[in-house]
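Here's a quick look at one strand and its partners, plus a helix pair. Have the structure open as you read.

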Amino acid sequence: MKHRKKRTVLAAIQIPRRFLFWCTLLLVCFAGFTFSSVRLLFRGFHPWRLAAKTAISGVLPEFSIIETVEFPDETLVFLKYPPLTPLFTKHGIDCLYLTPNNSSQSPHSVENDEFFSQQIIRCPLIKPRGMLTSLSVKPTGHTFPIGPTRRWHSLAYEAMIDHDNTTIVFVKGFNLRGGKQSDPSKFKCVYGWDIKKPKLLLQSDVISIAQEIVRCETPLSILNSPQRFIGSNMNQPIKISVRMVGKEPLESIASPKRRLQLNLPGEKQHQMCVCTMLRNQASFLQEWIMYHSKIGVQRWFIYDNNSLDDIEDVVKVLSVDQKINVTRHVWPWIKTQEAGFAHCALRARDVCEWVGFMDVDEFFHLPTRLSLLDILRNQSQNSNSNVAELRVSCHNFGPSSLKHVPTQGVTMGYNCRMIAPERHKSIVKPEALNSTLINVVHHFHLKSGFKYANMDRNVMVINHYKYQVWDVFKEKFYRRVATYVSDWQQDRNIESKDRAPGLGTRAVEPLDWSSRFCEVIDTGLRDRVAEMFTDPNTGNLPWQKSLT
């Protein structure tokens, strides 16, 4: 009898526990719904957004949109793919805009990022802004569920773990002064799968912050196992972001998956390397790389900033057919040349003794006919070991009376320049760069104890073919790649040396353009190039096909 009463009491207790469980579950669901509703109201109500997920049909389960980043003039869609999967081409996929009447357009380009096993699809931006973007597969019409949308003006976009186990983060949104280091105590780094959930984040101190580059202390849990902490979400990598003290972190698509290895003592694999960032320069790339390879450049890092001219085909010809050590790195981030050069310097540090940072319209001219490697060896032998940067003066060349792109190439076509040199470009030892990685395109800041040396112009100078024929030059009006250089359409810093004197802010060709910037005839490099590359049978240069 006593046991029966005990069982009756236990049964009576179990009923409220089940009831409590279901009440709690309903409460959580209601709270989640309320939070989502508030977000919708806060961002602006769009009827088609409520049905966005249900509107997606025929989904390919192997692929998924993991991020979407909205730029001023286009949208980047990051599509994750599994190993050994056939990838999409530009002609096999459409950008899908989720409106009441769903519309689609062809993408600008489709890039493959093998390191992160993802494709980057560049979609045209259509109005109204903020429209959700998905992808549609041709010809089946298979579509993908939309991913989270980020705004470019406030974003952590790249990250890597350095050989000293610090994390380097590249960010947009703090608008810090160029060339200056900011106070690191005013910032914090955060790690997690969802940057917007503070209770699920690891926090660390900022070691340094300058321009758009942040160096963070890396938590041990990230170093030991970057995929495991605060839960078990193994389907996506940990992200990192940065916040100002007392404020929310920047949104983030940056994951510190790339880890730089500790440098081993001994001679580097290459004595001379070059980093460049370019957009739509495929027709000029072959001449530039073939010439510099001939005078001593051994390794090339090409940072492609949204080209639309099949540059990957030119890189393939150079690397496969010409056996030149050149690689293309997709760098879709606009107005980030300083950050891109810092990123390249870190990658080059392990394999390059010296690295030059220059543009495709800039050519080293060596009047003594020594090679670059000879000059670097002489510099090391004749100078103190603490010289870690060589500053090379630039001569600016004008259109040289030409109206059309010279068929024999840049070095053969333009032969008239300004008398006085203007500015410089640098060759640096990446091991000696300041840990902040501050650079102003023309040169980096060095570690304490290192110094720069100005190169004798009779030994080495840069021919900067800055003012070419108008059809080439006017492309500079599209957008400048440097963060701290005003775009030419903007009505500010009109007298800056980064602009063409007297040109203003509109891409309108002056009547006398072809005769401008011409004070002295200089055929030194032209004669050297003709001697080195002219085919004795045909009289042609090896890159002429790419220019005709």
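## Strand β10 and its partners

Isoleucine 168 has arginine 215 in β14 as its bridge partner. Strand β14 (residues 213-216) runs antiparallel to β10, and 4 bridges join the two. This is a predicted model, where local features need pLDDT of at least 70, side-chain atom pairs count only at pLDDT 80 or more, and totals for chains, interfaces and linings use all residues. Residues are numbered from 1 along each chain as its sequence is written, and side-chain values use heavy atoms, with hydrogens and water left out.

Strand β9 (residues 155-161) is also antiparallel to β10, with 6 bridges between them; pairing takes at least two DSSP bridges. One of the bridges puts alanine 156 with valine 171 in β10.

In a regular strand, side chains alternate between the two sheet faces.

## A helix crossing

Helix α5 (residues 282-295) and helix α11 (residues 524-533) have axes that come within 12 Å and cross at roughly 85°. So α5 is roughly perpendicular to α11 (65 to 115 degrees).

Met290, Tyr291, Lys294 and Ile295 in α5 contact Leu525, Val529, Met532 and Phe533 in α11, with heavy atoms within 4.5 Å.

Terms used:
Axes fitted to C-alpha atoms, helices over the stretch in contact; angles between N-to-C directions. Parallel < 35°, antiparallel > 145°, perpendicular 65-115°, else oblique.
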